[in-house]
Amino acid sequence: MECDLLAWLRLSAWRMPVFRPYGLEHLLLLFGLTPLVVVLAWRLRSVKERTIDRILFWLGLALILAEVYKELFLSYVIEGAYCYADFPFQLCSMPMYLCPLMLFLAKEKKRVCYLFIGTYNFLGGIAAILEPSSSFYPYITLTLHSVLWHQALIFIGCLLWFSGLCRIDRSSFQRATLLYLMLCGIAYGLNALLMEPSGGVMNLFFLGPGVAPVIVMDWVSIHWGAMAETILMMGVTVFGSGGLGIGFQCLIDFLNCRRYNQ
């Protein structure tokens, strides 16, 4: 069975030149695919909430299947053994766990998840598209996985905002931030627990205690220590997510005001 799986994975190991950040291929993805995703979300803005929950459910299942393939490919084809650094518990991984739950969560908890996905995960998708150095691989399927994954985050975030399911205020953002901090605690705990088995490369949520592979944050970690980098990373993420949410709320209110006046 394992030999059959390995043979199947190797059949899909189509190599390719690694895209350069802000090279032609990246710019085509940025200015070609991203607008299509945003337009699709805009066209679906008027569907019922239950329909959106079903869309999120099936998208979540698709993300799970894609991640299973990626984990197997990395383990069997590239690493030869499981690499703890690839454990799927990054900030951008959270929609894989949350989206399938939307059909079953109570309304209040669902609102918190909507806003968390529409701010924290949306920010992660945008950041990965704007700074894609860790998103491009020398394999077609892995690069396709990464590109479509982060485009899915853009689509989900836009769909939630355009449909009005995301609305930000102090209380709702505090609850979404509490969820983020809880997940940070889990990620930091896993980083500390698995630091030795991972060979020092475990860095979920790009938090300590290891050196974060993120521009500026790696310098902070080396010169000021892991705790300073962890606090700074969390602060920047909270501030950026809140700013993104307020900006999108203003945009949606503006669009609604124009539509009302017409």
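Colleague: Let's begin with W58. Where is W58 found?

Modeller: In this predicted model, W58 is found in helix α3, which covers residues 49-79.

Colleague: What makes W58 count as exposed or buried?

Modeller: The relative accessibility of W58 is 57%, and the cut-off for exposed is over 50%, so W58 counts as exposed.

Colleague: And how far apart are W58 and P100 in sequence and in space?

Modeller: They are separated by 42 residues in sequence, while their C-alpha atoms are 7.0 Å apart.

Colleague: Let's stay with α3. How do the axes of α3 and α6 cross?

Modeller: At roughly 160°, and the two axes come within 11 Å. Angles over 145 degrees count as roughly antiparallel, so α3 is roughly antiparallel to α6. The crossing of α3 past α6 is left-handed.

Colleague: Which residues meet there?

Modeller: On the α3 side they include I52, L59, E67, K70 and F73, and on the α6 side T141, H145, W149 and L160 are among them. By class, this contact has 17 nonpolar, two polar and two charged residues.

Colleague: Now for α5 and α6. Why are these two helices called oblique?

Modeller: Helix α5 (residues 107-130) and helix α6 (residues 140-162) pack at an angle of about 140°. Roughly perpendicular ends at 115 degrees and roughly antiparallel needs over 145, so α5 and α6 are oblique to each other. Their axes are 8 Å apart, and α5 passes α6 in a left-handed crossing.

Colleague: What residue classes does the contact of α5 with α6 have?

Modeller: There are 13 nonpolar and eight polar residues in it, and no charged ones. Among the residues that meet are Y114, G118, F122 and G125 in α5, with H150, I154, G157 and W161 in α6.

Colleague: On to the cysteines. How many disulfides does the count come to?

Modeller: The count comes to zero disulfides. Take C92: the nearest cysteine sulfur, that of C99, is 12 Å away. A disulfide needs the two sulfur atoms within 2.5 Å, so C92 is in no disulfide.

Colleague: Is C92 buried or exposed?

Modeller: C92 has a relative accessible area of 16%. Buried means under 20%, so C92 is buried.

Colleague: What is the phi of F205, and where is that residue?

Modeller: F205 has a positive phi of about 60°, although it is not a glycine. Its place is in the loop between α7 (170-193) and α8 (217-224). F206 is found in that loop too, and its phi is near 55°, again a positive value in a residue other than glycine.

Colleague: How do you know whether F205 and F206 are buried, exposed or partly exposed?

Modeller: F205 has a relative accessible area of 4%, and buried means under 20%, so F205 is buried. F206 has 31%, which lies between the 20% and 50% cut-offs, so F206 is partly exposed.

Colleague: Finally, G242. What makes G242 buried?

Modeller: The place of G242 is in helix α9, residues 226-261. Its relative accessible area is 9%, and the cut-off is under 20%, so G242 is buried.

Colleague: Which residues is G242 in contact with, leaving aside its neighbours within four places in sequence?

Modeller: G242 is in contact with I168 and F173. As for T177, it is 65 residues from G242 in sequence and 9.0 Å away in space, C-alpha to C-alpha.

Note on methods
Residues are numbered from 1 along each chain as its sequence is written. This is a predicted model: local features need pLDDT of at least 70, side-chain atom pairs count only at pLDDT 80 or more; totals for chains, interfaces and linings use all residues. Side-chain values use heavy atoms; hydrogens and water are left out. Buried means under 20% relative accessible area, exposed over 50%, partly exposed in between (1.4 Å probe, protein chains only). Axes are lines fitted to C-alpha atoms, for helices over the stretch in contact, and angles run from 0 to 180 degrees between N-to-C directions. Helices (H or I, at least four residues) and strands (E, at least two) are DSSP runs, numbered from the N terminus. Angles under 35 degrees count as roughly parallel, over 145 as roughly antiparallel, 65 to 115 as roughly perpendicular and the rest as oblique. A crossing is left-handed if the near helix is turned anticlockwise from the far one by less than a right angle, and right-handed if clockwise. Contact means heavy atoms within 4.5 Å. Ala, Val, Leu, Ile, Met, Phe, Trp, Tyr, Cys and Pro count as nonpolar, Asp, Glu, Lys and Arg as charged, and the others, Gly among them, as polar.
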